[in-house]
Amino acid sequence: MEETKMEQYRAGKMVKFICSNCDYPLNDIFYVPDLICFICGEIEMTPVSVPHTHRVDDVEAENIGISSVLVIKESHIAIHTWPYYQAARIVIDSCKDFSDQTILTFLQEKLKTQNIEVIKEESHS
């Protein structure tokens, strides 16, 4: 494969938003996929399907949560929740640039928390 084509596949951005003290129904099988769709709209990405969402049940309350992924034309958006801890992790992986600040502000408002750590991984080969 040509080097320029290979660079195209390497280019992109992945950002993780680690959220705690969330005041949001993190164990709701309907609210979590809605959240992922709102995120997609906020950064003007293109969904190619509906979110694939699963409830993770366990005998230990701290292991219960929701996992949801939305495949987008630009890559994917995933959410994993831990309601017991009032926590969530949102990962956006995209070959198209997007505003981290837009998502941070959106999550602060939607999840009603200021406790969000942002971890960025960028590649502009």
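Are K13 and D100 buried or exposed? Both residues are buried, where buried means under 20% relative accessible area, exposed over 50%, and partly exposed in between, with a 1.4 Å probe and protein chains only.

**Entry 1: ground rules**

I am working on a predicted model, in which local features need pLDDT of at least 70, side-chain atom pairs count only at pLDDT 80 or more, and totals for chains, interfaces and linings use all residues. Residues are numbered from 1 along each chain as its sequence is written, and side-chain values use heavy atoms, with hydrogens and water left out. Helices (H or I, at least four residues) and strands (E, at least two) are DSSP runs, numbered from the N terminus.

**Entry 2: the charged network**

I looked up salt bridges, each defined as a side-chain nitrogen of Lys or Arg within 4 Å of a carboxyl oxygen of Asp or Glu. The count by this rule is 3. K13 pairs with D97, with the closest N and O atoms 3.0 Å apart. K13 sits in strand 1 and D97 in the loop between strand 5 and helix 3, so this pair ties together parts 84 residues apart in sequence. K13 is buried at 7% relative accessibility, whereas D97 is exposed at 57%.

K13 also meets D100 in a salt bridge, at 2.9 Å from N to O. With K13 in strand 1 and D100 in helix 3, the pair ties together parts that are 87 residues apart in sequence. D100 in turn forms a salt bridge with K120, again listed by its closest N and O atoms, at 3.0 Å. That pair links D100 in helix 3 to K120 in strand 6 (residues 116-123), 20 residues apart. D100 is buried, with a relative accessible area of 10%. I noted that shared partners join K13, D97, D100 and K120 into one network.

How many of the 8 residues of strand 5 are buried? I found 6 of them buried in this strand (residues 87-94), so strand 5 is largely enclosed by the rest of the structure. Next I checked pairing, which requires that DSSP finds at least two bridges between two strands. Strand 1 (residues 12-19) pairs with strand 5 in the antiparallel sense over 7 bridges, and F17 has I90 as its bridge partner there. Strand 4 (residues 75-82) also runs antiparallel to strand 5, joined by 8 bridges, with W82 bridged to A87. The hairpin of strand 4 and strand 5 has 4 residues between the strands, and Q86 in it takes a positive phi near 55 degrees.

I then went to S94, which is in strand 5 and is buried at 2% relative accessible area. Its side chain reaches the backbone oxygen of K96 at 2.8 Å, a polar contact (a pair of N or O atoms within 3.5 Å; within protein, one must be able to donate a hydrogen and the other to accept it, and residues adjacent in sequence count only if both atoms are side-chain atoms). Taking contact as heavy atoms within 4.5 Å, and not counting residues up to four places away in sequence, S94 touches G12, K13, M45, E74 and S75.

**Entry 3: the core**

Which residues touch the most other members of the largest nonpolar core? A nonpolar core is a set of buried Ala, Val, Leu, Ile, Met, Phe, Trp, Tyr and Cys residues joined through side-chain atoms within 4.5 Å. Of the 28 residues in the largest one, F17, I39, I90, I92 and L107 touch the most other members. Strand 1, helix 2, strand 3, strand 4, strand 5 and helix 3 each give two or more residues to this core, and helix 2 gives the most, with 5 residues. I90 is in contact with residues including F17, I39 and L107, leaving aside neighbours within four places in sequence.

L26 lies in the loop between strand 1 and helix 2 (31-42), yet it is buried at 4% relative accessibility.

For phi, I noted E44, a residue other than glycine with a positive value of about 55 degrees. E44 is exposed at 61% relative accessible area. S75 in strand 4 is also not a glycine, and its phi is positive, near 155 degrees.
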